[in-house]
Amino acid sequence: MLSIALQSFLLIPLLFFGSLGLGNSLSLSTSARWVVDMASGRRVKLSCVNWVAHMQPMVAEGLDKKPLQDIASKVASLGFNCVRLTWATYMFTRTQPVKFTVAQSLNSLGLGEAAIGIVSNNPSLFNLTLLQAYDAVVDQLGTNGLMVVLDNHVSRPQWCCGDNDGNGFFGDTYFDPEEWLQGLDIVAKRFSGKSQVVGMSIRNELRGPRQSETDWYRYIRRGVKKIHKANPNVLVIVSGLNYDTELSFLKGTPLGVNLDNKLVYEAHWYSFSEGNRLVWKTQPPGQVCADAIRRLEDRAGFVMEGDNPVPMFISEFGVDQTGENPADNRFLSCFLAFAVERDMDWAMWALQGSYYLRNGQAGFEETYGVLDGNWDQTRNPKFQERFRLLQEIIQDPRSDTPTYHIIFHPLSGLCVRVNENNSVEASDCRDRSHWSYEGGQAPIRLLGTGLCLGVTGDGLPVTLSSTCSSEQSNWSIVSSSKLHVAAKDVEGRALCLEINSSNSSTILTSKCVCSIDDNNCDENLETKWFKLIPTNLKLN
Ligand SMILES: *[C@@H]1O[C@H](CO)[C@@H](O)[C@H](O)[C@H]1NC(C)=O
């Protein structure tokens with residue numbers, strides 16, 4: 001059940017990257033737990049960002065700040081290959097929004113400044129209808145080589161989500177199931193000719209006192225069939241209960257609808273998803289992370305396993321991009337460790353640095369926004385390096401031969417490499433070295449050489465050594481969170497890999513403080529979090 005703390009968070013906001021050569025006939029489908037390009041069978045990893053267009057004005061945010069083509073090219077240049085673009089049912093089903101122009105919508109809400117901004121940045125959109133403006137956004141994203149997932153976010157346009165906002169579950173004040181089905185049908189048909197539209201999210205964050213499994217099956221089964229019939233090319237992306245965190249009921253009763261390999265499930269994950277964001281700040285972080293991942297796997301990730309695996313799209317995750325929230329910072333390191341290792345499809349919350357209108361405030365700033373309030377720069381200057389590996393395909397479903405290991409440091413987003421001087425350093429993951437590691441207690445070797453990582457001492461740089469049989473080069477994954485990599489120094493003390501300061505690229509080893517039993521340790525150890533990730537990517 002959701003706690004009060006969660007609800008209050010949700011009332012305030014509710015709330016999370018290669019590039020794809022987009023041919024004319026892109027159509028995705030699923031192969032076991034992977035999303036693949038239907039024509040070639042090659043994996044396509046959804047690395048998306050959420051872009052909001054479901055708020056009261058029903059206009060994609062930010063068009064008052066920058067020209068549409070600039071925003072779309074910014075999204076692509078940040079390494080995203082896709083946008084989860086939200087929409088409100090009413091925009092397509094109700095007479096007034098259908099006829100409204102962008103100008104009328106903004107003026108009706110008293111948003112004069114936003115109107116002036118759109119006239120200056122996007123004059124050609126100003127007198128379009130809301131639907132035409134939405135089409136223009138979808139078209140521009142396609143022009144920039146980006147895929148689009150259309151997400152039915154709410155029925156009545158407004159900020160999402162609260163337990164009692166009338167938009168939470170089938171039968172709530174604004175959420176008429178028949179109107180929702182009609183909306184899905186209209187949207188599926190309207191965009192069926194646009195190959196960049198690769199998926200439709202059926203409904204965001206079902207929730208509230210009315211939610212029930214019975215009604216979930218009843219309406220979701222109708223919804224998925226509706227979309228699939230109207231546009232058999234799109235992925236149909238299905239969310240669960242409790243704000244898109246709960247699908248475990250599927251273990252007992254499968255959805256049981258054949259969508260010809262178009263079914264994908266989605267889940268959301270935030271630091272506050274379980275109602276208590278503070279645990280991320282106050283409890284031992286390794287343990288909090290391990291527990292949270294276990295619950296996520298149990299409630300949602302399990303769909304990727306078993307006899308009938310289905311892809312799991314983490315369609316929202318996000319953090320305060322200012323870096324000022326310690327709980328979010330830890331959550332993000334944990335999320336990256338998980339999502340990179342599992343090579344998830346994902347969509348970050350969110351692109352928008354500001355809203356035309358939120359909480360009654362014009363120009364409301366979004367601290368979760370990848371972009372700043374002026375839609376100029378990333379809010380977090382380290383944004384690209386932090387998310388680089390997450391944006392990459394790490395597992396190739398067509399290859400079952402492991403090739404090498406990546407050593408990933410989620411706090412920085414960097415990978416371990418050996419530089420020209422044979423020093424071991426943290427670097428942009430595109431320049432990573434290839435490692436081999438057999439697991440258990442074993443050397444971590446630089447692939448294709450006789451060299452391996454070696455401990456020199458507490459607080460000293462890790463070295464590349466040719467004596468790979470000593471204790472000092474015998475590494476194991478320690479701690480219950482499996483986030484620490486340790487070997488022993490000459491005195492037999494366990495030392496762990498560490499990047500000591502975020503400004504430094506040097507990789508050290510230092511005492512494995514509380515990594516052996518991190519149940520009772522609340523020291524911040526993210527500097528010591530590393531993941532040894534096996535990949536089956538071809539070596540070039
Ligand atoms: C919008 O339409 C009005 C009325 O026809 C016109 O006066 C105005 O110049 C148009 N604005 C833009 C930005 O095209």
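1. A cluster of rings is joined by ring pairs, and its members are Phe 80, Trp 269, Trp 280, Phe 317, Phe 331, Phe 335, Phe 338, Trp 346, Phe 383 and Phe 387. Rings of Phe, Tyr and Trp (its six-membered ring) are paired here if their centres lie within 6.5 Å; planes under 30 degrees apart are stacked, over 60 edge-to-face and the rest tilted. The model is predicted: local features need pLDDT of at least 70, side-chain atom pairs count only at pLDDT 80 or more, and totals for chains, interfaces and linings use all residues. Residues are numbered from 1 along each chain as its sequence is written, and side-chain values use heavy atoms, with hydrogens and water left out.

2. The whole structure holds 27 aromatic pairs. One of them, between Phe 169 and Phe 170, is edge-to-face, with 5.0 Å from centre to centre and 70 degrees between the planes. Phe 170 also pairs with Phe 175 in a tilted arrangement, at 4.9 Å centre to centre and 50 degrees between the planes.

3. Two arginines deserve a remark. Arg 358 lies over the face of Trp 159, 3.7 Å from the ring centre. The charged end of Arg 218 sits over the ring of Tyr 219, at 6.0 Å from its centre. The criterion is NZ of Lys or CZ of Arg within 6 Å of the ring centre and within 35 degrees of the ring normal.

4. Helices (H or I, at least four residues) and strands (E, at least two) are DSSP runs, numbered from the N terminus. Buried residues of α12 include Val 288, Cys 289, Ile 293 and Leu 296. Among the elements that cover the buried residues of α12 are β8 (263-269) and α13 (326-342), where contact means heavy atoms within 4.5 Å.

5. An automatic or database assignment gives domain 1 (28-391) and domain 2 (404-535). Their centres, taken over C-alpha atoms, are 36 Å apart. In contact are 21 residues of domain 1 and 28 residues of domain 2.

Methods: Buried means under 20% relative accessible area, exposed over 50%, partly exposed in between (1.4 Å probe, protein chains only).
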